[in-house]
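Hi,

Here is the structure I promised to send over. Have a look at it first, and then read on for my notes.

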Amino acid sequence: MGKSSYKRLSGSQNLRQRLVLATLSATPVLIEDIRTDDTWPGLRRHEVSFLRLLEKICDDCAVEINETGTKLKFKPGIVMGGRNLVHDCGLTRSIGYFLEPLIVLGLFAKKPISIKLKGITNDSKDPSVDTFRSTTFPMLKRFGVPSEGLELKIENRGSPPLGGGEVRLAIPVVQSLTAVKWTDEGMVKRIRGVTFSTRVSSQFENTMVFAARGIFNSFLPDVHIFTDHRAGVHAGNSPGYGISLVAETTSGCCLSADTAISYAREEETAGLEDEKKELMPPDEVGVQIASVLLGEIEQGGVVDSTHQGLLFLLCALCPQDVSKVRVGRLSPCGIETLRHIKDFLGVQFVITADPTTGTVMLKCVGCGLKNLSRKVS
C-alpha cells in the first residue's frame with residue numbers, strides 16, 4: 001500500500017461514519033479490536049458489503065482486512081461516481097444503512113452517481129427508503145443541493161428476512177455546500193405519510209392509517225397518509241407491513257418517524273425455540289408510530305433525532321462560514337458524530353443549551369470542503 005501514516009482507531013462503533021469522513025478528508029485509517037470479545041469476532045456482513053460499495057464508487061481505494069476480520073486498513077481514493085452501478089446490500093441490514101453515507105459521498109464525486117441497490121427496503125432498525133424521500137432530501141436542499149438529479153425510486157419493496165427489494169438512487173454533484181442558519185422549527189401544519197404492505201392483505205394498511213389518523217386528528221385536520229400495496233414480483237420475497245410518517249412545519253422543517261413489521265432474520269432468532277413469533281397488529285403499529293412522531297415534535301429542533309448525525313456532518317462540510325442549527329435533545333449518535341467530525345475535519349461545534357425551549361443550539365465554522373474532482377463543463 002505504500003508508505004502513508006494511518007490514523008489509528010479501535011472498536012466497531014460508527015464504522016460507516018469513520019469511513020465516510022476518512023474518504024472526504026483523504027485520511028487513511030487503521031481500525032483495530034473490531035468485536036474481539038464477541039462470540040463471532042470481526043466485521044459483520046453488512047460492514048464488508050459497505051466496504052465493497054466504497055470500492056465501487058471510488059478509484060484507487062485500498063482495503064485490507066485480516067483473517068479474523070478484527071483489523072481493517074482503509075486507504076481512501078477519489079470518489080468517482082458513475083452511471084448504471086449495481087450493488088447488492090445483502091440481508092443483514094436494510095438499504096437505509098447504505099443510503100446516508102452514499103448520499104454524502106455522492107455529492108463530492110467526480111460524476112453524478114446513478115445506482116441500483118438491492119436488498120431490504122423497510123425494516124425496524126434503519127430509516128426506511130420512504131423517510132429518505134420525504135425528510136432527508138428536503139434537508140439536503142437547504143444546504144444548496146440541486147433538486148434536479150436527486151432522486152430515489154422504489155421499484156420493488158423487500159421485507160426481512162428474505163428481502164427482494166430494489167431502489168434506484170441518483171445523486172447530483174455539487175461544487176460546495178452552502179452554510180445554513182436554521183434555528184426556527186415553526187409549528188406543525190400538516191402530517192403526510194405512506195404505508196406499505198408486501199405479501200399480506202391490503203386491509204392492513206387501512207387499519208394502520210385509521211389508527212394513526214385517530215391520534216393526529218385531535219390536533220390538526222390536515223393529515224394524509226398514502227397507501228402502497230405491492231403484489232407479485234414488486235412485493236419482494238417476504239411478508240411485511242409498515243408506515244413512515246412526516247410532520248411538515250410552517251418554516252419548512254420535516255420531522256419523521258417510521259417502522260416496519262416482519263418476521264425476524266435467522267441470526268436474530270438463532271437459539272429461540274419459537275421462531276415464528278406473533279407480529280404486532282397493524283392498529284397497534286399505527287398508534288405506536290404516531291406516538292413516536294409526537295415525541296419527536298415535542299423535543300423540538302429542526303430535524304428529528306435520526307437525522308442529527310447527517311445534519312452535523314453537512315454543517316461541518318460547509319464553506320468557511322458560520323452555520324447555526326437548533327436540535328432537540330442530543331442523540332447518542334449525534335454526540336458520536338460531533339466527536340468524529342472533530343477528529344477527522346478539525347471542526348468544533350459551540351453547543352449552548354436553550355433552557356426556555358429545552359433545545360440545543362449548535363454553531364460551527366465549516367471546514368470548507370470543495371469538490372475538486374468535479375468535471376467543470
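Below is what I found, taken one element at a time.

This is a predicted model, in which local features need pLDDT of at least 70 and side-chain atom pairs count only at pLDDT 80 or more, while totals for chains, interfaces and linings use all residues. Residues are numbered from 1 along each chain as its sequence is written, and side-chain values use heavy atoms, with hydrogens and water left out.

Six of its seven residues are buried, so β10 is largely enclosed by the rest of the structure. Buried means under 20% relative accessible area, with exposed over 50% and partly exposed in between (1.4 Å probe, protein chains only). Strand β8 (residues 113-119) runs antiparallel to β10 and is joined to it by seven bridges; strands pair if DSSP finds at least two bridges between them. In that pairing, serine 114 stands opposite alanine 170. Strand β9 (residues 151-156) also pairs with β10 in the antiparallel sense, over five bridges, and here isoleucine 154 stands opposite valine 167.

Next comes helix α9 (residues 332-345). Its buried residues include Thr337, His340 and Phe344. The buried residues of α9 pack against several elements, among them β1 (7-10), α1 (15-24) and β18 (359-365); contact means heavy atoms within 4.5 Å. After α9 comes glycine 346, whose phi is positive, near 70°.

Happy browsing!

How values were computed:
Helices (H or I, at least four residues) and strands (E, at least two) are DSSP runs, numbered from the N terminus.
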